[in-house]
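Here is a short note to read beside the structure. Please keep the sequence and the 3D view open while you go through the points.

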Amino acid sequence: MDQVRVIEVKQSIFADNDRRAAELRAELKEKGIFLLNLMSAPGSGKTTTLRRTAELLKGELKIGVMEADIDSDVDARAMAETGVKAIQLHTGGMCHLDADMTRQGLDELVDGDVELVILENVGNLVCPAEFDTGAVKNAMILSVPEGHDKPLKYPLIFTVCDVLLINKIDVLPWFDFDLEKVREYAHMRNPRLQIFPVSAKTGEGVDELLEVLGGWLPEGPQLFPDGAVTDQPERQIMAEIVREKLLRELDQEIPHGTAVEVTQFSQRDDTDIIDCHVTIYCEKASHKGIIIGKGGAMLKKISTQARKDMEAFMGAKVYLETWVKVKENWRDNPAAIQNFGYTED
Ligand SMILES: Nc1nc2c(ncn2[C@@H]2O[C@H](COP(=O)(O)OP(=O)(O)OP(=O)(O)O)[C@@H](O)[C@H]2O)c(=O)[nH]1
Ligand SMILES: [Mg+2]
């Protein structure tokens with residue numbers, strides 16, 4: 001894309017930014033637009049994280065991104081490459097965005113078909129934290145090379161955020177960065193802060209972040225009656241998805257003898273999130289160990305792959321919990337076979 005729109009935003013002449021931010025938040029709620037404000041020091045990985053998020057979510061959600069900077073359109077161009085709507089906001093030298101500046105950007109970006117807007121605030125750990133933008137949630141990134149002492153030195157930004165991403169964990173081996181210490185210091189500032197170690201470069205940890213984001217978004221269309229259990233065919237398809245992943249990963253080690261039972265499949269009240277609980281049955285304790293894998297790695301891999309397919313099939317966020325149990329000789333037991341949804345042929 002050759003052109004991205006650059007909007008020169010003007011700081012509010014009104015002193016009461018908090019009130020104007022609250023008004024903007026209420027208007028966005030009415031329109032069904034979720035605004036997320038992302039803050040961090042320069043270079044900690046905001047744009048890289050947003051690019052990865054946009055790639056993963058763009059088929060599911062209508063996303064818009066506002067890139068704020070004192071100059072250049074580098075970030076908006078990078079975002080536009082992912083195919084999401086992106087505009088660049090120039091702050092005229094200001095090191096933050098206020099609610100009116102955010103509103104000016106939204107007026108240019110939103111033309112009625114955006115559900116999630118992410119604002120990449122100007123890169124620094126001080127000024128952006130002092131101005132409410134009108135966002136529903138605030139997230140921040142601290143990257144490994146910046147050091148684990150930052151919650152001690154820049155307290156406010158950790159206090160106003162809902163989520164902290166510890167980015168660039170792929171370079172942890174080369175830095176004296178202590179994940180436990182940063183958790184401790186950040187929670188001293190804000191005990192409610194949700195903390196996610198991620199690598200925007202490799203994608204590690206990004207799924208967990210997307211789950212939180214999905215939980216925040218306004219209600220989508222109701223998929224089932226509240227708390228209701230869905231039709232059997234959908235449960236069966238969920239079981240088949242898990243079984244397919246099992247076979248793909250472990251066909252050599254466990255050729256036969258696994259069954260998959262969906263023990264819960266329901267929609268959470270007032271959300272479009274589906275809770276899906278699955279038990280994988282195998283015939284031997286040694287098979288259970290193989291399915292779970294070293295440190296749970298194999299089960300995590302299977303569950304992650306299955307969850308993605310389930311979400312694509314259902315068009316909704318799925319919280320998948322998976323257990324593995326040994327049920328010796330279940331294939332000789334007709335009741336068990338029927339219970340797992342298999343026919344005896
Ligand atoms: N190793 C590693 N590098 C990363 C990661 N995320 C981002 N980077 C690199 O860090 C540099 C800065 O990333 P950006 O995404 O531009 O950071 P930013 O926070 O948007 O920067 P500003 O917009 O300038 O404030 C780039 O060279 C990225 O490739 C990561 O997870 N691991
Ligand atoms: Mg950037």
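1. Which helix gives the most residues to the shell around ligand 1? The model is a predicted one, and in it the answer is helix α2, residues 46-57, which contributes 3 residues to that shell.

2. There are 17 residues around ligand 1. Gly 45, Thr 47, Thr 48, Gly 123 and Lys 201 come nearest to the ligand. By residue type, the shell divides into 9 polar, 5 charged and 3 nonpolar residues.

3. Next, a sheet. Strands of a sheet pair through backbone hydrogen bonds, and the pairing can be parallel or antiparallel. Here 3 strands form an open sheet, ordered β9-β10-β11, with mixed pairing. Strands β9 (259-267) and β11 (318-326) each have a single partner strand and stand at the edges, so one side of each has no neighbour in the sheet. On average, neighbouring strands of this sheet are turned by 15 degrees against each other, if direction is ignored.

4. How many bridges join β10 and β11? Strand β10, residues 274-282, pairs with β11 over 9 bridges, in the parallel sense. To find one of these places in the view, look for Ile 280, whose bridge partner in β11 is Val 324.

5. Helix α11 (residues 285-292) lies across β10 and β11, and runs at about 155 degrees to β11. Helix α12 (residues 297-314) packs on the sheet and touches β10 and β11. The direction of α12 makes about 135 degrees with that of β11.

6. The backbone angle phi deserves a check at Ser 72. Its value there is near 75 degrees, which is positive although the residue is not glycine. Ser 72 sits in the loop between β3 (63-69) and α3 (74-80). Is this residue buried or exposed? Ser 72 has 12 other C-beta atoms within 10 Å, and a residue with 12 or fewer counts as exposed, so Ser 72 is exposed.

Technical notes. Residues numbered from 1 in each chain as written. Chains lettered and ligands numbered in written order. Predicted model: local features only at pLDDT ≥ 70, side-chain atom pairs only at ≥ 80, totals over all residues. Near = placed C-beta within 6 Å. Helix = DSSP H or I, 4+ residues; strand = E, 2+ residues; numbered from the N terminus. Nonpolar A, V, L, I, M, F, W, Y, C, P; charged D, E, K, R; others polar. Pairing = 2+ DSSP bridges. Axes fitted to C-alpha atoms, helices over the stretch in contact; angles between N-to-C directions. Contact = placed C-beta atoms within 7 Å. Buried ≥ 20, exposed ≤ 12 C-beta atoms within 10 Å, placed from the backbone.
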